Amino acid sequence: MIMQIPVGARFIGIPGTESDENPRGVMVEVYWEQDDSGALCISGHSPETPLPPRVQLKASSTTTSHRNIMAQT
């Protein structure tokens, strides 16, 4: 799955992961680092975790960084 991630986002809900076990879906924490030019780049992500009931997901219209986050280990 390829997703566009807003630069600097800490937690990202993964679309289409809703199930009986996780009715709100799952999310990951995104890890960032700076590249040689000082730009923020995704360095990895946490294991998937259920999306807590208190968390509200917001749609983002500004997405300038993208990466296949599900391929990371």
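A strand here is a DSSP run of E, at least two residues long, numbered from the N terminus. Glu29 lies in one such run, strand β3. The model is a predicted one.

Start with the strand pairings. β3 pairs with β2 in the antiparallel sense, over four bridges. Within that pairing, Ile12 stands opposite Val28 of β3. β3 also pairs with β4, residues 40-45. These two strands run antiparallel and are joined by five bridges. Gln34 has Leu40 of β4 as its bridge partner. Five residues lie between the strands in the hairpin of β3 and β4. Gly38 in this hairpin takes a positive phi near 95°. A further partner is β5, residues 49-50. It pairs with β3 over two bridges, again in the antiparallel sense. Here Met27 has Thr49 of β5 as its bridge partner.

Now turn to the core. Nonpolar side chains tend to be buried together in soluble globular proteins. In this model the largest nonpolar core has nine residues. They are Met3, Ile5, Ala9, Ile12, Ile14, Val26, Val28, Val30 and Ile42. β3 supplies the largest share, three residues.

Buried means under 20% and exposed means over 50%, so a value in between counts as partly exposed. Beyond residues up to four places away in sequence, Glu29 touches Arg10, Phe11, Gly44, His45 and Ser46. With Arg10 there is a side-chain polar contact of 3.1 Å. Gly13 is 16 residues from Glu29 along the chain, and their C-alpha atoms are separated by 9.0 Å.

Finally, leave the strands for a loop. Asn22 lies between β2 and β3. Which side of the cut-off does Asn22 fall on? Its relative accessibility is 15%, so Asn22 counts as buried. Leaving aside neighbours within four places in sequence, Asn22 is in contact with Thr17 and Pro50. Pro50 belongs to β5, residues 49-50, the strand that pairs with β3.

Methods: Residues are numbered from 1 along each chain as its sequence is written. This is a predicted model: local features need pLDDT of at least 70, side-chain atom pairs count only at pLDDT 80 or more; totals for chains, interfaces and linings use all residues. Side-chain values use heavy atoms; hydrogens and water are left out. A nonpolar core is a set of buried Ala, Val, Leu, Ile, Met, Phe, Trp, Tyr and Cys residues joined through side-chain atoms within 4.5 Å. Buried means under 20% relative accessible area, exposed over 50%, partly exposed in between (1.4 Å probe, protein chains only). Two strands pair if DSSP finds at least two bridges between them. Contact means heavy atoms within 4.5 Å. A polar contact is a pair of N or O atoms within 3.5 Å; within protein, one must be able to donate a hydrogen and the other to accept it, and residues adjacent in sequence count only if both atoms are side-chain atoms.
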